[in-house]
Amino acid sequence: MSEQELSRRDFIKVTTGIVGGIIGAVVGLPAVYYLIDPALKSGGKEAWIPVGKLEDMEVGKPYPFSFTRVQVNGWERTATSHAGYALRRSEAPNDLLILNSRCTHLACTVNWSETAQAYLCPCHDAKFSSSGDVLDGPPPRPLDRYDEFRLTDDGVLEIYYREA
Amino acid sequence: MILKKLYNWLDERLGLKGIYDNILDRPEPRGNWWNTLGSASLFLFILQGATGIFLSVYYTPSPDHAYDSIQYIMDGVAFGWLVRGIHHWGATLMVVIVFIHMLRVFVTASFKYPRELTWLIGVGLLLATLGMGFTGYLLPWNQRAYWATTVGTQIAGTVPLIGEFILKALRGGTDLSALTLQRFFAAHIWMLPAVLAGLIGIHLYLIIRHGESHLPTKED
């Protein structure tokens, strides 16, 4: 169809189509972005968390620590508690094993028992060794570890925390 | 061509050509921009519906979080400001357009036989649109919204004899509370849109049935 043959009716149709398409795109494309926005945000916040002074930790005895993280989801703020145990395996300052005390079975908090020399879970009698391996009970895998840690200049142990 | 075949297949079963001819290719008495206000109102209704649905993805009608959730839409969500902005200004524009539409129908005497019902239903549409404005105004749950609704429901309460009852029914109790916010929200997103959609359906049917009215001449 050449320009000369374009009738008034066809011109209106084409113009309506184009203007409608532009309006649709201007509203529609941002709307899609608006909907999927939470999926595009990097949810994981990470930080170095101070755990305690190294000089306070006895070699061979798990040192309990806990900290709180505030999560912001949209307009909602939730504080979540985290806890764990830092174990100095030898005098060497870097020979540390840092475990998350969240039971790998159903997320109860395990406690170190001096008498049992094991981590015991109050919920389903799970038992973990000082290195976090499963000794008894239903947990499917050993206790989680905080693998990344560092010592500050004034001897404070810090762990690297990453939000899931 | 495959598209042509597909179209023909659908047309045979759906009667697309008939729908197109009756709805979009109706004869107009004479080109007149004032006659487009109804279509403009319909477009705004659809736009408000679409942006409203998107807003409901993040908005929460609770006194604790309504304000925060709107702050989040404005600052935290990509293009949230745009979606809410369109809904906000579209609401004002819709009231204005619907009102001018009514004035045009009045001035051109288009409400006369056989279009009396179209006019009556149009009055219902105007009231429902104002209802949308009234209920939607409370949802941001800021000072202006709170006091505007306090005053608005108070005015409804001045009706003789049943005023007290109307006020309580609107607020869901004697005070403006969480119940008020919740019922205004329900009215705003479910009841009034359902009423609007139903009335629009009848309104459109009547317009297609009777066609556009011609402008009155000196003899009329």
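Residues are numbered from 1 along each chain as its sequence is written, while chains are lettered from A and ligands numbered from 1 in the order in which they are written. As the model is predicted, local features need pLDDT of at least 70 and side-chain atom pairs count only at pLDDT 80 or more, whereas totals for chains, interfaces and linings use all residues.

The predictor assigns the complex an ipTM of 0.83 and a pTM of 0.80. Among the elements of chain B, the lowest mean pLDDT, 87, belongs to helix 2 (residues 16-23), and the highest, 97, to helix 6 (residues 116-138).

Chain B comprises nine helices and zero strands; helices (H or I, at least four residues) and strands (E, at least two) are DSSP runs, numbered from the N terminus. The C-alpha trace of chain B spans about 55 × 55 × 30 Å along its principal axes. Of the 220 residues in chain B, 24% are buried, a residue being buried if 20 or more other C-beta atoms lie within 10 Å of its own, exposed if 12 or fewer, and partly exposed in between, with C-beta atoms placed from the backbone. Two residues are in contact if their C-beta atoms, placed from the backbone, lie within 7 Å. Among the contacts in chain B with a separation of 6 or more, 70% involve residues 24 or more positions apart.

Helix 3 of chain B (residues 37-55) contains 19 residues and should span 27 Å at 1.5 Å a residue, which agrees with the 26 Å between its end C-alpha atoms; the expected span is 1.5 Å times one less than the number of residues. Buried positions in helix 3 of chain B include B:Gly38, B:Phe45 and B:Leu55. The buried residues of this helix pack against helix 4 (66-75), helix 5 (80-107) and helix 9 (178-210) of chain B, together with helix 1 (8-40) of chain A.

Between the chains, nine residues of chain A are in contact with 17 residues of chain B. On the chain A side, seven of these residues are nonpolar, one is polar and one is charged. Here Ala, Val, Leu, Ile, Met, Phe, Trp, Tyr, Cys and Pro count as nonpolar, Asp, Glu, Lys and Arg as charged, and the others, Gly among them, as polar.

Chain A also contains an open antiparallel sheet of three strands in the order 2-3-4, where two strands pair if DSSP finds at least two bridges between them. Strand 2 (63-73) and strand 4 (96-100) of chain A each have a single partner strand, so one side of each is left without a neighbour in the sheet. Strand 3 (residues 76-88) of chain A pairs with strand 4 of chain A over five bridges, and A:Tyr85 stands opposite A:Leu99 in strand 4.

Technical notes:
pLDDT is the predictor's confidence in each residue, from 0 to 100.
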